[in-house]
Amino acid sequence: MNLNSEVLKKIVQKVADTRPDEIGCGDCFEQLDRFAELVLSGKPVRDAMPLVQDHLKRCKDCREEFEVLLSLLMSMN
Ligand SMILES: [Zn+2]
């Protein structure tokens, strides 16, 4: 087995970059209404649904979707 340090560095980098607990837009959307309800009820969403919050931070589309949902829920209350 010939693993030189350059190859090794690349592998380590790749592993560090990969985030296996990341969710996609579909998964995010499925949990979005629950997430919005948590937000509105003042619960700590960072602990309850960290993956959704993490996705919303990075994804503009889902963030807009979330804002629409939030204003919808607020108008119903
Ligand atoms: Zn998304």
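# Reading a zinc site and a helical core

Student: Which residues does C28 touch, not counting residues up to four places away in sequence?

Tutor: C28 touches I23, V52, H55, L56 and C62. Bear in mind that this is a predicted model. Keep H55 and C62 in view, because they come back at the metal site, where a donor is an N, O or S atom within 2.8 Å of the metal.

Student: Which residues are the protein donors of the zinc ion?

Tutor: There are C25 (SG), H55 (NE2), C59 (SG) and C62 (SG). These donors lie 2.0 to 2.3 Å from the zinc ion.

Student: How are the donor residues spaced in sequence?

Tutor: The spacing is C-x29-H-x3-C-x2-C.

Student: What is the geometry of the zinc site?

Tutor: Start with the rule: four donors count as tetrahedral if all angles lie between 85 and 135 degrees. Here the angles among the four donor atoms are 102 to 114°. The site is therefore tetrahedral.

Student: Take H55. Is H55 buried or exposed?

Tutor: The cut-off comes first: buried means under 20% relative accessible area. H55 has a relative accessible area of 5%, so H55 is buried. C62 is buried as well.

Student: Where is H55 found, and what is H55 in contact with beyond its sequence neighbours?

Tutor: H55 is found in helix α4. Leaving aside neighbours within four places in sequence, H55 is in contact with I23, G24, C25, C28 and C62. C25 and C62 are also zinc donors.

Student: Which residues of α4 are buried, and what do they pack against?

Tutor: The buried residues of α4 are V52, D54, H55 and L56. They pack against α2 and α5.

Student: Now the core. What is the general idea?

Tutor: In soluble globular proteins, nonpolar side chains tend to be buried together. In this model the largest nonpolar core has 15 residues. Those with the most contacts inside that core are C28, L32, F35, V52, L56 and F66.

Student: Which elements give two or more residues to this core?

Tutor: They are α2 (25–40), α4 (50–58) and α5 (60–76). α2 gives the most, with five residues.

Student: How should I read the packing of two helices?

Tutor: Two packed helices are described by the angle between their axes and the distance between the axes. Apply that to α2 and α5: the axes come within 10 Å and cross at roughly 35°. The crossing is right-handed.

Student: Which residues of α2 and α5 meet?

Tutor: On the α2 side, the residues are C25, C28, F29, L32, D33, F35, A36, E37, V39 and L40. On the α5 side, they are C62, E65, F66, L69, L70, L73 and M74. C25 and C62, both zinc donors, are among the residues that meet.

Student: How do I read a residue that falls between buried and exposed?

Tutor: Take D27, in helix α2. D27 counts as partly exposed because its relative accessibility is 40%. The C-alpha atoms of D27 and H55 are separated by 9.7 Å, although the residues are 28 apart along the chain.

Student: What of Q31: where does Q31 lie, and which residues does Q31 touch?

Tutor: Q31 lies in helix α2. Q31 is partly exposed, at 30% relative accessibility. Not counting residues up to four places away in sequence, Q31 touches I23, M49 and V52. Q31 and V52 are 21 residues apart in sequence and 7.3 Å apart in space, C-alpha to C-alpha.

Student: And A48?

Tutor: A48 has its place in helix α3 (residues 45–48). A48 is partly exposed, with a relative accessible area of 44%. A48 and L38 are ten residues apart in sequence, and 8.5 Å apart from C-alpha to C-alpha.

Student: Step back to the whole protein. How many helices and strands are there?

Tutor: There are five helices and zero strands. Along the sequence the pattern is α-α-α-α-α. Of the 77 residues, 22% count as buried.

Student: What share of the contacts between residues at least 6 apart in sequence join residues at least 24 apart?

Tutor: The share is 62%.

Terms used: Residues numbered from 1 in each chain as written. Predicted model: local features only at pLDDT ≥ 70, side-chain atom pairs only at ≥ 80, totals over all residues. Heavy atoms only, no water. Donors = N, O, S within 2.8 Å, 3.2 Å for Na, K, Ca; no water. Tetrahedral: all angles 85-135°; square planar, octahedral: opposite > 155°, others 65-115°. Buried < 20%, exposed > 50% of the residue type's maximum accessible area, 1.4 Å probe, protein only. Core = buried A, V, L, I, M, F, W, Y, C linked by side-chain atoms within 4.5 Å. Helix = DSSP H or I, 4+ residues; strand = E, 2+ residues; numbered from the N terminus. Contact = heavy atoms within 4.5 Å. Axes fitted to C-alpha atoms, helices over the stretch in contact; angles between N-to-C directions. Left-handed = near helix turned anticlockwise from the far one by under 90°.
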